[in-house]
Amino acid sequence: MGALLNIGTDPNGLSNFDAYRPLQNYQDLKVVNHNLYQNYNSLQVSWVRQRGKYDIQANYTYGKTLGIVGSDNFNLNNDYGPLAADRRHIFNAAYSIELGNPVRQNVLAKGLANGWQISGITQLQSGVNLSAQNSGNFNLNTNGFLLSNGLKSTSATIVGTNAVPLQPILTCNPTGNLGHNQYVNGSCFAIPTQAGQNGPIVLPEIFGPAFFNSDLSMFKNFRMGESKKLQFRFSSYNFLNHPLWSFRGAGNNLNLNFNGTTGKLDNPNFGTTTEKLGHRIIQLAIKFYF
(Lines give C-alpha, C1' and ligand atoms only; values in the text may rest on other atoms or scores of the structure.)
Protein backbone atom coordinates (compact mmCIF):
# COMPACT_ATOMS: atom_id res chain seq x y z
CA MET A 1 0.00 0.00 0.00
CA GLY A 2 1.24 3.48 -0.91
CA ALA A 3 3.82 2.20 -3.42
CA LEU A 4 2.23 4.16 -6.29
CA LEU A 5 2.41 7.54 -4.52
CA ASN A 6 5.12 10.00 -5.62
CA ILE A 7 6.52 7.78 -8.38
CA GLY A 8 7.00 10.70 -10.76
CA THR A 9 4.35 9.57 -13.23
CA ASP A 10 0.59 9.07 -13.39
CA PRO A 11 -0.13 5.70 -11.70
CA ASN A 12 -3.50 5.49 -13.48
CA GLY A 13 -1.67 4.82 -16.74
CA LEU A 14 0.43 1.93 -15.46
CA SER A 15 -0.20 -1.45 -17.02
CA ASN A 16 2.39 -3.30 -14.93
CA PHE A 17 2.80 -2.70 -11.20
CA ASP A 18 5.68 -5.14 -10.68
CA ALA A 19 8.36 -2.44 -10.56
CA TYR A 20 6.75 -0.99 -7.44
CA ARG A 21 6.30 -4.27 -5.53
CA PRO A 22 8.71 -5.64 -2.90
CA LEU A 23 8.82 -8.98 -4.77
CA GLN A 24 8.92 -8.35 -8.50
CA ASN A 25 8.07 -10.55 -11.51
CA TYR A 26 5.21 -12.37 -9.72
CA GLN A 27 2.42 -10.12 -11.09
CA ASP A 28 -0.82 -10.60 -9.10
CA LEU A 29 -0.10 -13.30 -6.53
CA LYS A 30 -3.32 -14.58 -4.99
CA VAL A 31 -3.16 -16.42 -1.66
CA VAL A 32 -6.25 -18.19 -0.34
CA ASN A 33 -6.72 -18.07 3.41
CA HIS A 34 -9.68 -19.28 5.45
CA ASN A 35 -9.67 -16.17 7.62
CA LEU A 36 -13.07 -14.59 7.06
CA TYR A 37 -15.54 -14.66 9.92
CA GLN A 38 -18.93 -13.39 11.02
CA ASN A 39 -21.20 -13.53 14.04
CA TYR A 40 -24.85 -13.13 14.87
CA ASN A 41 -26.27 -12.13 18.27
CA SER A 42 -29.91 -11.63 19.06
CA LEU A 43 -32.70 -11.48 21.61
CA GLN A 44 -35.59 -13.70 20.49
CA VAL A 45 -38.99 -13.60 22.17
CA SER A 46 -42.04 -15.63 21.19
CA TRP A 47 -45.60 -15.90 22.44
CA VAL A 48 -47.84 -18.85 21.52
CA ARG A 49 -51.46 -19.43 22.48
CA GLN A 50 -53.31 -22.55 21.37
CA ARG A 51 -56.64 -22.98 23.04
CA GLY A 52 -59.90 -24.22 21.60
CA LYS A 53 -60.69 -22.29 18.45
CA TYR A 54 -57.67 -19.97 18.80
CA ASP A 55 -54.18 -20.54 17.44
CA ILE A 56 -52.02 -17.43 17.76
CA GLN A 57 -48.24 -17.12 17.44
CA ALA A 58 -46.07 -14.02 17.63
CA ASN A 59 -42.30 -13.55 17.71
CA TYR A 60 -39.87 -10.66 17.88
CA THR A 61 -36.12 -10.63 17.22
CA TYR A 62 -33.66 -7.89 18.08
CA GLY A 63 -30.38 -8.85 16.44
CA LYS A 64 -27.18 -7.77 14.79
CA THR A 65 -25.01 -9.49 12.19
CA LEU A 66 -21.33 -8.55 11.93
CA GLY A 67 -18.57 -9.88 9.73
CA ILE A 68 -16.10 -9.13 6.94
CA VAL A 69 -17.81 -6.65 4.67
CA GLY A 70 -15.02 -4.33 3.44
CA SER A 71 -12.34 -4.76 0.74
CA ASP A 72 -9.08 -3.71 2.39
CA ASN A 73 -6.74 -6.51 1.22
CA PHE A 74 -3.93 -5.28 3.49
CA ASN A 75 -5.70 -5.13 6.85
CA LEU A 76 -8.58 -7.49 7.53
CA ASN A 77 -9.48 -5.61 10.73
CA ASN A 78 -10.56 -2.63 8.63
CA ASP A 79 -13.13 -4.83 6.86
CA TYR A 80 -15.18 -5.75 9.96
CA GLY A 81 -18.65 -4.27 10.28
CA PRO A 82 -22.42 -4.83 9.90
CA LEU A 83 -23.26 -7.16 7.03
CA ALA A 84 -25.75 -6.43 4.26
CA ALA A 85 -28.13 -9.04 5.72
CA ASP A 86 -28.31 -7.22 9.08
CA ARG A 87 -31.92 -6.43 10.02
CA ARG A 88 -32.18 -4.97 13.52
CA HIS A 89 -35.86 -5.60 14.25
CA ILE A 90 -38.05 -8.46 12.98
CA PHE A 91 -41.64 -9.11 14.07
CA ASN A 92 -43.97 -11.84 12.80
CA ALA A 93 -47.48 -12.78 13.86
CA ALA A 94 -49.61 -15.66 12.62
CA TYR A 95 -53.14 -16.46 13.73
CA SER A 96 -56.05 -18.76 12.96
CA ILE A 97 -59.41 -18.25 14.64
CA GLU A 98 -62.57 -20.31 14.21
CA LEU A 99 -65.63 -18.14 14.85
CA GLY A 100 -67.71 -21.11 15.92
CA ASN A 101 -71.43 -21.76 15.37
CA PRO A 102 -73.42 -19.01 17.08
CA VAL A 103 -76.71 -19.93 15.36
CA ARG A 104 -78.40 -23.19 16.36
CA GLN A 105 -81.99 -23.13 15.06
CA ASN A 106 -82.69 -21.30 11.78
CA VAL A 107 -81.33 -23.29 8.84
CA LEU A 108 -80.73 -20.26 6.61
CA ALA A 109 -79.08 -18.27 9.39
CA LYS A 110 -76.89 -21.23 10.27
CA GLY A 111 -75.68 -21.46 6.67
CA LEU A 112 -74.73 -17.78 6.64
CA ALA A 113 -73.33 -17.26 10.13
CA ASN A 114 -71.75 -20.57 11.11
CA GLY A 115 -68.52 -22.19 9.97
CA TRP A 116 -66.39 -19.08 9.43
CA GLN A 117 -62.64 -19.11 10.02
CA ILE A 118 -60.11 -16.24 9.85
CA SER A 119 -56.35 -16.61 9.51
CA GLY A 120 -53.51 -14.29 8.64
CA ILE A 121 -49.82 -13.42 8.78
CA THR A 122 -48.36 -9.99 9.59
CA GLN A 123 -44.68 -9.11 9.12
CA LEU A 124 -42.64 -6.07 10.18
CA GLN A 125 -38.90 -5.81 9.48
CA SER A 126 -36.24 -3.14 9.65
CA GLY A 127 -34.70 -2.15 6.33
CA VAL A 128 -31.49 -3.64 4.99
CA ASN A 129 -28.04 -2.13 5.57
CA LEU A 130 -27.77 0.06 2.46
CA SER A 131 -24.09 0.94 2.87
CA ALA A 132 -22.97 -2.71 2.89
CA GLN A 133 -25.44 -3.76 0.21
CA ASN A 134 -24.20 -1.22 -2.33
CA SER A 135 -20.55 -2.16 -2.91
CA GLY A 136 -19.50 -0.67 0.44
CA ASN A 137 -19.08 2.80 -1.13
CA PHE A 138 -22.42 3.37 -2.90
CA ASN A 139 -20.72 2.73 -6.25
CA LEU A 140 -18.58 5.85 -5.90
CA ASN A 141 -17.94 7.56 -9.25
CA THR A 142 -15.69 10.64 -9.33
CA ASN A 143 -16.15 11.06 -13.11
CA GLY A 144 -12.49 11.91 -13.61
CA PHE A 145 -12.24 14.60 -10.93
CA LEU A 146 -8.72 16.07 -10.94
CA LEU A 147 -6.61 16.58 -7.83
CA SER A 148 -4.44 19.66 -7.26
CA ASN A 149 -1.51 17.78 -8.84
CA GLY A 150 -3.49 17.22 -12.04
CA LEU A 151 -4.06 13.49 -11.46
CA LYS A 152 -7.47 11.83 -11.25
CA SER A 153 -8.85 10.89 -7.85
CA THR A 154 -8.55 7.10 -7.84
CA SER A 155 -7.39 4.42 -5.43
CA ALA A 156 -3.97 4.53 -7.13
CA THR A 157 -3.47 8.24 -6.44
CA ILE A 158 -5.16 8.36 -3.00
CA VAL A 159 -4.16 5.01 -1.45
CA GLY A 160 -1.19 4.22 -3.67
CA THR A 161 -2.49 0.81 -4.76
CA ASN A 162 -5.22 -0.66 -6.90
CA ALA A 163 -5.93 -3.33 -4.25
CA VAL A 164 -7.95 -1.01 -1.97
CA PRO A 165 -11.17 0.66 -3.20
CA LEU A 166 -11.56 4.42 -3.26
CA GLN A 167 -13.92 5.33 -0.41
CA PRO A 168 -15.86 8.59 0.06
CA ILE A 169 -14.83 10.97 2.84
CA LEU A 170 -17.42 11.44 5.60
CA THR A 171 -18.12 15.08 6.47
CA CYS A 172 -21.16 14.54 8.75
CA ASN A 173 -23.63 11.90 9.89
CA PRO A 174 -25.23 10.43 6.72
CA THR A 175 -28.33 9.41 8.69
CA GLY A 176 -29.01 12.94 9.99
CA ASN A 177 -30.93 15.91 8.54
CA LEU A 178 -32.92 13.71 6.18
CA GLY A 179 -35.69 14.93 3.91
CA HIS A 180 -38.99 13.28 3.01
CA ASN A 181 -38.47 9.60 2.09
CA GLN A 182 -34.69 10.14 2.32
CA TYR A 183 -32.56 7.51 4.04
CA VAL A 184 -29.02 8.67 3.19
CA ASN A 185 -27.78 12.26 3.34
CA GLY A 186 -25.62 12.63 0.24
CA SER A 187 -24.18 15.98 1.37
CA CYS A 188 -22.20 14.05 4.03
CA PHE A 189 -19.95 12.44 1.38
CA ALA A 190 -17.03 14.00 -0.46
CA ILE A 191 -14.36 12.94 -2.95
CA PRO A 192 -10.97 12.08 -1.41
CA THR A 193 -8.51 14.76 -2.51
CA GLN A 194 -5.39 14.13 -0.37
CA ALA A 195 -2.95 11.27 -0.88
CA GLY A 196 -3.14 8.84 2.02
CA GLN A 197 -6.53 10.16 3.19
CA ASN A 198 -9.04 7.64 1.94
CA GLY A 199 -12.53 7.39 3.41
CA PRO A 200 -13.46 4.63 5.89
CA ILE A 201 -13.41 1.13 4.42
CA VAL A 202 -16.65 0.30 6.25
CA LEU A 203 -19.21 3.09 6.14
CA PRO A 204 -21.68 3.63 9.01
CA GLU A 205 -24.70 1.34 8.99
CA ILE A 206 -27.59 2.98 7.17
CA PHE A 207 -30.96 1.25 7.19
CA GLY A 208 -33.25 1.47 4.19
CA PRO A 209 -37.07 1.44 4.09
CA ALA A 210 -38.74 -0.95 6.49
CA PHE A 211 -40.78 -3.91 5.24
CA PHE A 212 -44.43 -4.35 6.19
CA ASN A 213 -46.92 -6.87 4.90
CA SER A 214 -50.15 -8.39 6.16
CA ASP A 215 -52.04 -11.29 4.56
CA LEU A 216 -55.60 -12.21 5.51
CA SER A 217 -57.77 -15.21 4.64
CA MET A 218 -61.42 -15.98 5.38
CA PHE A 219 -62.78 -19.50 5.10
CA LYS A 220 -66.40 -20.66 5.07
CA ASN A 221 -66.79 -24.30 5.99
CA PHE A 222 -69.78 -26.48 5.22
CA ARG A 223 -69.79 -29.75 7.12
CA MET A 224 -70.95 -32.80 5.19
CA GLY A 225 -71.04 -35.53 7.77
CA GLU A 226 -68.23 -36.30 10.18
CA SER A 227 -65.32 -36.58 7.72
CA LYS A 228 -66.24 -34.42 4.72
CA LYS A 229 -66.12 -30.66 4.39
CA LEU A 230 -66.60 -28.13 1.60
CA GLN A 231 -64.60 -24.94 2.07
CA PHE A 232 -64.82 -21.60 0.26
CA ARG A 233 -61.57 -19.64 0.63
CA PHE A 234 -61.09 -15.91 0.19
CA SER A 235 -57.45 -14.86 0.51
CA SER A 236 -55.94 -11.41 0.17
CA TYR A 237 -52.18 -10.93 0.11
CA ASN A 238 -51.16 -7.44 1.26
CA PHE A 239 -54.86 -7.02 2.02
CA LEU A 240 -54.33 -3.45 3.26
CA ASN A 241 -53.02 -2.59 -0.23
CA HIS A 242 -50.04 -0.91 1.39
CA PRO A 243 -47.25 -0.33 -1.17
CA LEU A 244 -43.74 0.15 0.19
CA TRP A 245 -41.26 2.87 -0.62
CA SER A 246 -38.33 1.06 -2.20
CA PHE A 247 -34.98 1.44 -3.93
CA ARG A 248 -35.32 -0.56 -7.14
CA GLY A 249 -32.42 -3.00 -7.65
CA ALA A 250 -30.54 -1.23 -10.44
CA GLY A 251 -31.77 2.29 -9.75
CA ASN A 252 -29.52 5.37 -9.63
CA ASN A 253 -30.75 6.66 -6.27
CA LEU A 254 -28.04 4.79 -4.35
CA ASN A 255 -25.11 5.71 -6.61
CA LEU A 256 -22.64 8.37 -5.43
CA ASN A 257 -22.08 10.26 -8.67
CA PHE A 258 -19.91 13.38 -8.37
CA ASN A 259 -19.41 16.11 -10.93
CA GLY A 260 -15.99 15.64 -12.53
CA THR A 261 -15.38 19.41 -12.66
CA THR A 262 -16.85 20.83 -9.44
CA GLY A 263 -16.49 17.73 -7.24
CA LYS A 264 -20.03 18.23 -5.96
CA LEU A 265 -22.66 15.50 -5.71
CA ASP A 266 -24.31 15.26 -9.11
CA ASN A 267 -27.24 13.03 -8.12
CA PRO A 268 -30.07 15.09 -6.54
CA ASN A 269 -32.11 11.98 -5.69
CA PHE A 270 -29.29 10.14 -3.93
CA GLY A 271 -30.53 8.32 -0.83
CA THR A 272 -34.18 9.18 -1.55
CA THR A 273 -36.89 6.71 -2.51
CA THR A 274 -38.98 7.90 -5.43
CA GLU A 275 -41.22 4.91 -6.12
CA LYS A 276 -43.48 2.44 -4.37
CA LEU A 277 -43.72 -1.28 -4.99
CA GLY A 278 -46.40 -3.84 -4.09
CA HIS A 279 -50.18 -4.09 -4.34
CA ARG A 280 -53.07 -6.20 -3.12
CA ILE A 281 -53.54 -9.68 -4.62
CA ILE A 282 -56.85 -11.53 -4.18
CA GLN A 283 -57.34 -15.27 -4.57
CA LEU A 284 -60.59 -17.25 -4.52
CA ALA A 285 -60.68 -21.02 -4.14
CA ILE A 286 -62.90 -23.98 -3.29
CA LYS A 287 -61.59 -27.02 -1.43
CA PHE A 288 -63.26 -30.32 -0.70
CA TYR A 289 -61.98 -32.38 2.24
CA PHE A 290 -62.76 -36.09 2.36
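Guide: Happy to. A salt bridge here is a side-chain nitrogen of Lys or Arg within 4 Å of a carboxyl oxygen of Asp or Glu. By that rule, the side chains of Arg88 and Asp86 form a salt bridge, at 2.8 Å from N to O. Please keep in mind that this is a predicted model, where local features need pLDDT of at least 70 and side-chain atom pairs count only at pLDDT 80 or more, while totals for chains, interfaces and linings use all residues. Residues are numbered from 1 along each chain as its sequence is written, and side-chain values use heavy atoms, with hydrogens and water left out.

Arg88 has another partner: its side chain also meets that of Glu205 in a salt bridge of 2.7 Å, N to O. Glu205 sits in the loop between strand S7 (189-190) and strand S8 (211-224), and Arg88 in the loop between strand S3 (80-82) and strand S4 (89-98), so this pair ties together parts that are 117 residues apart in sequence. Strands are DSSP runs of E with at least two residues, helices are runs of H or I with at least four, and both are numbered from the N terminus.

Buried means under 20% relative accessible area, exposed means over 50%, and partly exposed lies in between, using a 1.4 Å probe and protein chains only.

A search of the whole structure finds 3 salt bridges.

Ser71 is in the loop between strand S2 (54-68) and S3, and is partly exposed, with a relative accessible area of 40%. Leaving out residues up to four places away in sequence, Ser71 touches Asp79, Ala163, Val164, Pro165 and Ile201, where contact means heavy atoms within 4.5 Å. Its C-alpha atom is 30 Å from that of Trp245, which lies 174 residues away along the chain.

Val48, in turn, belongs to strand S1 (residues 38-51). Setting aside neighbours within four places in sequence, Val48 is in contact with Ile56 and Gln57. Val48 and Ala58 are 10 residues apart in sequence, and their C-alpha atoms are 6.4 Å apart.

Stepping back, the protein has 3 helices and 12 strands. Its radius of gyration is 28 Å, well over the 19 Å that the globule rule gives for 290 residues, so the protein is more spread out than a compact globule. That radius is taken over C-alpha atoms, and the rule is 2.2 Å times the number of residues to the power 0.38. Along the principal axes, the C-alpha atoms fill a box of roughly 100 × 40 × 30 Å. Of the 290 residues, 34% count as buried. Among contacts between residues at least 6 apart in sequence, 66% join residues at least 24 apart.
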